[in-house]
Amino acid sequence: MTDTNAIPMYTPFFGVMGATAAMVFSALGAAYGTAKSGTGIAAMSVMRPELIMKSIIPVVMAGIIAIYGLVVAVLIANRIKPTEYTLFMSFVDLGAGLSVGLSGLAAGFAIGIVGDAGVRGTAQQPRLFVGMILILIFAEVLGLYGLIVALIMSTKSG
């Protein structure tokens with residue numbers, strides 16, 4: 001148990017910023033991936049409407065990125081307590097939030113660009129579909145790496 005007089009008043013700020021960064025940046029990545037892939041699907045569906053459901057995969061994968069940020073933000077928010085939250089814990093939580101948030105932002109950008117080009121290309125050449133899925137998986141894994149690092153960091157206690 002830590003002496004509450006030794007904990008600076010601003011300590012929870014860094015933890016709250018970690019939770020905010022986790023949610024905001026991963027949601028930005030997911031929104032960009034959804035929007036960019038969605039425009040590709042809309043353009044492709046004019047000529048090949050039968051491929052719409054098959055082309056939804058990049059949008060689903062982009063949405064998963066936001067879930068990674070949500071999980072970390074909830075974990076961080078549940079750790080913040082007025083009396084037991086140390087400066088070390090708050091810095092670790094800030095790092096965890098930035099880890100998953102910025103990784104999610106990068107993954108969302110990659111998913112959006114690959115999804116847009118991939119669904120348009122698949123409409124012209126159906127054999128491109130498997131390659132598009134593999135590239136999307138590698139893009140999604142970037143966000144997963146950030147989640148893993150954030151989970152490892154958030155289990156550290158000071």
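Helices (H or I, at least four residues) and strands (E, at least two) are DSSP runs, numbered from the N terminus. The views below come from a predicted model, in which local features need pLDDT of at least 70 and side-chain atom pairs count only at pLDDT 80 or more, while totals for chains, interfaces and linings use all residues. Residues are numbered from 1 along each chain as its sequence is written, and side-chain values use heavy atoms, with hydrogens and water left out.

**View 1. Stretches annotated as transmembrane regions.** Let's start with residues 96-116, which are 100% helix and 0% strand, with end C-alpha atoms 30 Å apart. Residues 12-35 are likewise 100% helix and 0% strand, and here the end C-alpha atoms are 34 Å apart. An unreviewed UniProt entry gives the feature "transmembrane region" at residues 12-35, 56-76, 96-116 and 128-153. UniProt positions are given in the numbering used here, feature names are shortened, and annotations may be inferred rather than shown by experiment.

View 2. UniProt (unreviewed entry) lists "domain: V-ATPase proteolipid subunit C-like" for residues 17-76 and 94-153. In residues 17-76, 85% is helix and 0% strand, and the end C-alpha atoms lie 10 Å apart. In residues 94-153, 95% is helix and 0% strand, and the end C-alpha atoms lie 10 Å apart.

**View 3. Helix α1 beside helix α3.** Helix α1 (residues 11-47) packs against helix α3 (residues 87-124) at an angle of about 0 degrees, their axes 7 Å apart. That makes the pair α1 and α3 roughly parallel. Axes are lines fitted to C-alpha atoms, for helices over the stretch in contact, and angles run from 0 to 180 degrees between N-to-C directions. Angles under 35 degrees count as roughly parallel, over 145 as roughly antiparallel, 65 to 115 as roughly perpendicular and the rest as oblique.

**View 4. Helix α2 beside helix α4.** The axes of α2 (residues 57-79) and α4 (residues 128-154) come within 10 Å and cross at roughly 0 degrees, so these two helices are roughly parallel. Their contact holds 17 nonpolar, two polar and two charged residues. Here Ala, Val, Leu, Ile, Met, Phe, Trp, Tyr, Cys and Pro count as nonpolar, Asp, Glu, Lys and Arg as charged, and the others, Gly among them, as polar. Look for Ile65, Tyr68 and Val72 among the α2 residues of this contact, and for Ile133, Leu136 and Glu140 among those of α4.

**View 5. Helix α3 beside helix α4, with Ser99.** The axes of α3 and α4 come within 8 Å and cross at roughly 175 degrees, so the two are roughly antiparallel. Ser99 is found in α3 and is buried, with a relative accessible area of 16%. Buried means under 20% relative accessible area, exposed over 50%, partly exposed in between (1.4 Å probe, protein chains only). Leaving aside neighbours within four places in sequence, Ser99 is in contact (heavy atoms within 4.5 Å) with Gly146, Val149 and Ala150.

**View 6. The largest nonpolar core.** This core has 28 residues, and those with the most contacts inside it are Ile65, Val72, Val100, Ile111, Met132 and Leu136. Helices α1, α2, α3 and α4 each supply at least two of its residues, and α2 gives the largest share, eight residues. A nonpolar core is a set of buried Ala, Val, Leu, Ile, Met, Phe, Trp, Tyr and Cys residues joined through side-chain atoms within 4.5 Å.
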